[in-house]
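Good morning, colleagues. Please look at the model on the screen while I go through its sheet, its aromatic rings and a few individual residues.

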Amino acid sequence: MSNISKSPLDLTKYDKYEIPQDYSAFVLNINNITEQKAEDLEFEYIQQGYKIFNSSLEHSTQGDFNLEMIIAKLAMIF
């Protein structure tokens with residue numbers, strides 16, 4: 001079973017990933033998934049209007065994968 005966590009990206013890291021300040025950025029961590037599921041999730045977030053600024057896929061000790069993505073979406077200002 002996958003474990004998903006999403007948290008706001010620290011504002012001091014926007015420069016590191018070259019994210020414009022008018023974006024709302026998040027760190028998304030998803031553990032215990034297959035490589036295909038990781039690719040599917042990246043595509044799903046793009047389809048939802050997110051831009052992926054960084055993606056890292058690593059083998060876990062259980063033999064599956066852990067995915068970390070830095071994603072952002074333009075902030076809605078009214």
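Predicted model: local features only at pLDDT ≥ 70, side-chain atom pairs only at ≥ 80, totals over all residues.

Residues are numbered from 1 along each chain as its sequence is written, and side-chain values use heavy atoms, with hydrogens and water left out.

Let us take the sheet. Strands here are DSSP runs of E with at least two residues, numbered from the N terminus, and two strands pair if DSSP finds at least two bridges between them. In general, strands of a sheet pair through backbone hydrogen bonds, either parallel or antiparallel. In this model, four strands make up an open sheet, ordered β1-β2-β4-β3, with antiparallel pairing. At the edges are β1 (3-8) and β3 (51-59), each of which pairs on one side only. From one strand to the next, the twist averages 15°, where axes are lines fitted to C-alpha atoms and angles run from 0 to 180 degrees between N-to-C directions.

How is β3 joined to β4? The antiparallel strands β3 and β4 (residues 65-74) are connected by eight bridges. His59 has Phe65 of β4 as its bridge partner, and Ser55 stands opposite Met69 in β4. Together β3 and β4 form a hairpin with five residues between them, and Gly63 in the turn has a positive phi of about 95°.

I turn now to the aromatic rings. Rings of Phe, Tyr and Trp (its six-membered ring) pair if their centres lie within 6.5 Å; planes under 30 degrees apart count as stacked, over 60 as edge-to-face and the rest as tilted. Because Tyr23 lies in strand β2 (residues 23-33) and Phe53 in strand β3, the pair ties together parts that are 30 residues apart in sequence. Tyr23 and Phe53 are both buried; buried means under 20% relative accessible area, exposed over 50% and partly exposed in between, with a 1.4 Å probe and protein chains only.

Tyr45 and Tyr50 also form an edge-to-face aromatic pair, at 5.4 Å centre to centre and 70° between the planes. Tyr45 counts as buried because its relative accessibility is 15%, and Tyr50 is buried with a relative accessible area of 14%. The charged end of Lys73 sits over the ring of Tyr50, 4.9 Å from its centre.

Ile4, in strand β1, counts as exposed at 55% relative accessibility. Leaving aside neighbours within four places in sequence, Ile4 is in contact (heavy atoms within 4.5 Å) with Leu28, Asn29 and Ile30. Glu18, in the loop between β1 and β2, has a positive phi of about 55° although it is not a glycine. Asn32 lies in strand β2 and has a positive phi of about 60°, again without being a glycine.

How values were computed
Lys NZ or Arg CZ within 6 Å of the ring centre and 35° of its normal.
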